[in-house]
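Dear colleague,

Please find the structure below, together with a short account of what was found in it. I would be grateful if you kept the structure open while reading.

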Amino acid sequence: MFIYLCKKIAIPGNVRLRCISWNKEEGFIACGGEDGLLKVLRLETQTDEAKIKGLAAPSNLSMNQTLEGHSGSVQVVTWNEQYHKLTTSDQNGLIIVWIIYKGNRIWGKDLKGTHLCHVAWSSDSKVLLFGMANGEIHIYDSNGNFIVKMKLSCLVNLTGTFRIAGIHWYHGTEGYVEPDCPCLAVCYENGRCQIMRDENDHNPVLIDTGMNVVCIQWNHCGSVLALAGSLKGTSPDKDINVVQFYTPFGEHLRTLKVPGKQISALSWEGGGLKIALAVDSYIYFANIRPDYKWGYCSNTVVYAYTRPDRPEYCVVFWDTKNNEKYVKYVKSLISITTYGDFCVLATKADEDQPQYVLVLCNSIGTPLDPKYIDIGPLFVTMTRTHVIAASKEAFYIWQYRVAKKLTAMEINQVARTRKEGRERIYHIDDTPSGSGDGHLDYSKAVEGTRDPICAITASDKILLVGRESGTIHRYSLPNVGIIQKYTLNCRAHQLSLNCNSSRVAIIDLSGVLTFFDLDARVTSSTGQQVIGEQLKLERKDVWDMKWAKDNPDLFAVMEKTRMYVFRNLDPEEPIQTSGYICNFEDLEIKSVLLDEILKNPERPNKDYIINFEIRSLRDSRALIEAVGIEESSQFIEDNPHPRLWRLLAEAALQKLDLQTAEQAFVRCKDYQGIKFVKRLGNLQSESMQQAEVAAYFSRFEEAERMYLDMDRRDLAIGLRIKLGDWFRVLQLLKTGSGDSDDALLEQAHNAIGDYFADRQKWLNAVQYYVQGRNQERLAECYYMLEDYQGLENLANSLPENNKLLPDIAHMFVRVGMCEQAVSAFLKCNRPKDAVDTCVHLNQWNKAVELAKNHNMKEIGSLLARYATHLLEKNKILDAIELYRKANYFFEAAKLMFKIADEEAKKRTKPLRVKKLYVLSALLMEQCHEQMQNAQRGKVKGSETASALAGLLEEDVLSSTNRFADNAWRGAEAYHFFILAQRQLYKGSVDAALKTALHLRDYEDIIPAVEIYSLLAVCACANRAFDTCSKAFVKLESLETLSQEQRQQYEDLALEIFTRHCPKNNKKTDLDDVLESGDGKLPVCVATGDPILEYRFWMCSVCKHCMKAKERSNYNFCPLCHCSA
């Protein structure tokens, strides 16, 4: 940072000032002094125009009001910004609260006999600090209860009492410069100061300022602490007033000397760019130029700021050309360094470890290459090929490399080259020879030195390292070898090399700028020849400077609020500005108003980038306008510069003086310009030449108008095509007379379609692509819009084997639309892809059908392989579904029967088992139907033969599987098993018995114990004890029962049959029929009765029967549940 005094205001009557306070929000300055003096002042605010011009803040008063009310010396003035109030207190203990503008007294209170000197709140308002007259600091809670006395580390090894000069607690309103940053400053009049992280910090930052302190205050963002007081002068009665500036970590930044006898108070302005000092009966104002963390690379301003809501620095990469910004959050940022298109962010790697990172970024903030180093990068500089970082003892050199496209192999090579000397480190006391020494050994880098490093700078050829004694070391690059040591008569704070590395500019701590010629050979006072000469030029109050990139004798300097441009050490007249210089080339200086940008860093304004033309450019322009090309070319000849020749060439072009234009373009080496002049010379008509020149200077509307006036619509269209303005091309094509060019119209429609597609406005794009007949982009738009109907229509409209069809088919595949994908693949004669699609989307029936139609053999093996895979994963139902979709019904049925049998063995719900058997049987029916259809489909030679073949095939099936012979047996068994129990529970015991009797035929499906237990229960309920007796006999003879179970059945039988004789009294007509032995009767699946009538209903699917009278009760077949 740099600070200088800029204004002085005298208080009338020479009344001594005691205190001062600057309102951060509204800019009012209150000052109190002896004899009850209380004034409120205000500096003029800056106009928007002045801001944009980068002028310094004005220092005239816009308000000067005296407030009456105090009689004693006013000791304290403090603002309450939230409620627009001012509180003042005098030596008599009178406190007055004022409202701004009115000067009204609201309330007052007398404080008598207290020894309280200072008060400070914590940021969360939970803790209150009281500074006592004896130098102690007491900590209270917000309710006024005493907690503890503060530990004062800064007074260790001192005896006696010391008065407190100030307590100031920064509340983090603008964020912190580092996480866990010290923010509570306590300072004593003897100059001892401690900066703490909180009120209980046992390891504070300690400072001994070596002066008598009267007042302390943090700036607006807690990054600088100002301490005002006095130093002992040479004579005993003469003290020197000074303000010292420190970081929160105790590093000394600057010292400001202030005239006058005694300084009594200081106060910062709200933005931290000014400071007000009360000295005797005067107020002094000092301007501050902060050391912002910022840089400039390829039209991008990179700047960092802190935010109260985040612990990291917010780093903004603001592209000033396109007005776009990219934001990165960086923890513990130390500095930003830029060169060319790149930027290096130096940061701390970790809170606990002393490791640091240099992150190489491009101009949009993308990290390209991070390097971890073990020395603190206090000073960082950068060239086209190297990044150099220095601590106080050593410097590290990294030869960075940025490839446009790195392959994986190259990245590995880059990683390996660390060992091969792309990174080197040197201690400042070493004398490297340039022969590959300086390996990456950090052990020697931490050794101390008596003469620490204080500044560095580098160019492509040399590296300069400044030391605190005033010595400058010159090293060669890229092979680091020490070439020369120079001695300066100042300690460098900032070094800067010109474009040919012949001169270096040095700014010292007090803002004095001097120059040193590195190559001049001069004879010293001892008669020896020495290299290097201090130049005569010296400037004071300099806070920034920049050499021109294209002229070693041209540089710009910022002094206070003025910018001076020097050519050969001679200054031009100054320009009023407070901008920081970004770039100086082509006789133009680009400057950025960082003060304004950082007032609202989230929305940088392009108006805050200012371009200044230097005098020779301004004069040449004025000369060309005033006296013409001939005379001004002589002036440019005397003061040659490529930019001036370009200016002349452009002026000559405007006047169609092609010869001068060509000569000037040759002088500024502009090959495109020369070619353009040649092309102009070949044009016959002058109006055509004028139109071309207008286009060259980007006056496109004018050029187009000229072309149209010449009736050259084709050239106007050509111009617009070059510019990519297709909307205008379309307008011109439509307004033209005669036939407009169809190919151009299509091209225009497609280009406008591309314009909308790039912005993802697919609907608009579709309209133009339709007109431009661009089927490829149309398909893409339909797909992005999810308009699959439009995509299908497009596929149908395309001719066969069109190259777009496979792409459209793949689009359908991606969204699972099998049918449309298949038809697209078939249309472009790719059946294999069609089958693969069906397999991919699990449409196996379609896949098998396509495979058969196209004689593809491999589908069967593929199907089997997939089914095996599913079965291995125990996904049997998925395998069944796979076979069913592929029309392999027999395999599906086989697996389904297997599941049904397993479920039956588990004795799960009978209804579930019945459903599984029904499903198996239905698959079997589909299998039979498929076989019959296949037979019918074969050549209908002999119908008998084909029918016979079908039967034979079915015969083969039935011989291989027990279920194939009668697929419905399992379903029948569980159907009757469930029916009998339903009838029994309903009370239809006779019907239940008849149904249960059928179950005797299904012992292979339902365990016999269940069948005969049910039969015994039904017979007993129906009092058919002979049937019941037979059932018990069967049960007792079952080998599957244990001895215990058999005994239980015997006991139960004994109990029943001792009461009831096992003899059936009822004889039914059914028994007569059964006894007559006329073969097996059909059974009604609804009631379980045998059907004796000749009229009955038969299911078309399972071929089971139902009595005609029962038919009306059912809409579905009771067994297979198919629609009746």
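Over the ring of which residue does the charged end of R42 sit? That residue is F28, and the charged end of R42 is 4.6 Å from the centre of its ring. Please bear in mind throughout that this is a predicted model. A further contact of this kind involves K8, which lies over the face of Y282 at 4.4 Å from the ring centre.

F555 belongs to strand β46 and F566 to strand β47, so the pair ties together parts that are 11 residues apart in sequence. F555 is buried, with a relative accessible area of 1%, and F566 is buried at 0%. Ring pairs also link these two residues with F515, W547 and Y564 into a cluster.

Finally, I draw your attention to strand β20 (residues 239–246), in which 6 of the 8 residues are buried. β20 pairs in the antiparallel sense with β19 over 8 bridges, and 6 bridges join β20 to β21, also antiparallel. V243 of β20 is the bridge partner of A228, and on β21 the bridge partner of V243 is L256. β20 and β21 form a hairpin with 5 residues between them, and G250 in the turn has a positive phi of about 85 degrees.

Yours sincerely

Technical notes. Residues are numbered from 1 along each chain as its sequence is written. This is a predicted model: local features need pLDDT of at least 70, side-chain atom pairs count only at pLDDT 80 or more; totals for chains, interfaces and linings use all residues. Side-chain values use heavy atoms; hydrogens and water are left out. Buried means under 20% relative accessible area, exposed over 50%, partly exposed in between (1.4 Å probe, protein chains only). Helices (H or I, at least four residues) and strands (E, at least two) are DSSP runs, numbered from the N terminus. Two strands pair if DSSP finds at least two bridges between them. Rings of Phe, Tyr and Trp (its six-membered ring) pair if their centres lie within 6.5 Å; planes under 30 degrees apart count as stacked, over 60 as edge-to-face and the rest as tilted. A charge sits over a ring if NZ of Lys or CZ of Arg is within 6 Å of the ring centre and within 35 degrees of the ring normal.
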